[in-house]
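This report covers selected side-chain contacts in one protein chain. The sequence and structure are shown first.

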Amino acid sequence: MKNLIIFGVFIIALVMVQFAQAQTVDEVIDKHIAALGGKESLSKLKNITMEGNLTIQGADISVTITQVHNKLIRQDISAMGMNGFDFTTDKDGWSFMPFNGMQKAEPKTADDIKSSLSDLDIEGPLCNYVAKGHKVDLQGKEDVEGTECFKLKVSLASGKTQTYYIDPSSNMIIRSKEMRKVNGQESEMSSDYSDFKVVEGVKMPHSITQPFGTVYISSIKVNQVISDKLYKPE
């Protein structure tokens with residue numbers, strides 16, 4: 001009987017630990033969503049257009065990123081007198097990068113499209129993550145450039161995994177990591193976010209640093225009229 005009681009207490013303790021962790025995960029996420037501007041403000045974002053620039057090996061590159069909620073994610077790039085693009089919709093995807101020697105637009109593979117579908121979600125996977133079929137695991141804290149951040153592992157419904165690092169003082173994501181295909185090979189892509197400013201009630205980063213350089217965002221517009229041409233390989 002004593003052993004049964006001990007076993008029962010052990011099981012209850014395990015359940016309570018898991019429940020406490022779930023509460024902790026949701027607490028971190030709730031504070032992050034509130035810091036962004038809240039669910040109501042996020043739900044009002046139908047589309048976002050960001051314009052920015054970066055410099056790579058002395059070359060000035062202009063970047064325009066267009067995102068339509070659950071319908072489109074597109075990057076238009078201008079450099080060295082050439083214009084390229086890469087986009088994914090909820091139906092297909094195309095890429096044209098003349099800087100890499102491409103002569104014409106090419107359709108994306110089914111795997112590439114599937115990998116990019118999560119990028120269509122303007123709200124981000126943490127907002128209403130349970131309803132979206134995602135799972136989030138709090139993996140303690142980890143140092144990010146001197147800041148002890150909450151580390152969240154996000155298992156998306158699509159099967160892809162992302163990791164977010166949230167600064168507990170600002171409750172903002174300051175780093176993310178995920179596996180991406182670069183030149184046909186899988187590699188970990190790390191992105192750092194800073195210079196947050198409020199745009200139409202939502203806090204957004206105006207500086208995004210990736211391994212190839214830092215994109216400085218000069219303009220962010222929301223809920224604009226989006227041309228149908230952006231959904232086509234033109």
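## Glu123 and its surroundings

In this predicted model, Glu123 is in contact with Leu42, Ser43, His69, Asn128 and Lys132, leaving aside its neighbours within four places in sequence. Glu123 is placed in the loop between helix H3 (110-116) and strand E7 (135-144).

Glu123 has a relative accessible area of 17%. The cut-off for buried is under 20%, so Glu123 counts as buried. Its side chain makes a polar contact with the side chain of Lys132, at 3.1 Å. Glu123 and Lys132 also belong, together with Asp121, to a network of salt bridges.

The structure holds twelve salt bridges. One of them joins Glu178 and Lys160, with an N to O distance of 3.2 Å. Glu178 lies in strand E10 (residues 172-182), while Lys160 is in the loop between strand E8 (147-155) and strand E9 (161-167), so this pair ties together parts that are 18 residues apart in sequence. Both Glu178 and Lys160 are buried.

Arg175 forms a salt bridge with Asp192, and the closest N and O atoms are 2.7 Å apart. This pair links distant parts of the chain, since Arg175 is in strand E10 and Asp192 in strand E11 (residues 185-199), 17 residues apart. Arg175 has 14% relative accessibility and counts as buried, whereas Asp192, with a relative accessible area of 23%, is partly exposed.

## The Glu142 and Lys151 pair

A salt bridge also connects Glu142 with Lys151, where the closest N and O atoms are 3.2 Å apart. Are these two residues buried or partly exposed? Glu142, at 29% relative accessibility, is partly exposed. Lys151, at 18%, is buried, because the cut-off for buried is under 20% relative accessible area.

## The nonpolar core

The largest nonpolar core has 46 residues, and those that touch the most other members are Ile29, Leu45, Ile48, Leu126, Val136, Leu152 and Met204. Helix H1 (residues 2-36) supplies the largest share of this core, with six residues. In soluble globular proteins, nonpolar side chains tend to be buried together.

Leu152 can be followed in more detail. Not counting residues up to four places away in sequence, Leu152 touches Val28, Ile29, Leu126, Val136, Asp137, Leu138, Gln162, Thr163, Tyr164 and Ile166. Among these, Ile29, Leu126 and Val136 are also listed with Leu152 as residues that touch the most other core members.

Note on methods:
Residues numbered from 1 in each chain as written. Predicted model: local features only at pLDDT ≥ 70, side-chain atom pairs only at ≥ 80, totals over all residues. Heavy atoms only, no water. Core = buried A, V, L, I, M, F, W, Y, C linked by side-chain atoms within 4.5 Å. Buried < 20%, exposed > 50% of the residue type's maximum accessible area, 1.4 Å probe, protein only. Helix = DSSP H or I, 4+ residues; strand = E, 2+ residues; numbered from the N terminus. Contact = heavy atoms within 4.5 Å. Polar contact = N/O pair within 3.5 Å; in protein donor to acceptor, adjacent residues only side chain to side chain. Salt bridge = Lys/Arg side-chain N within 4 Å of Asp/Glu carboxyl O.
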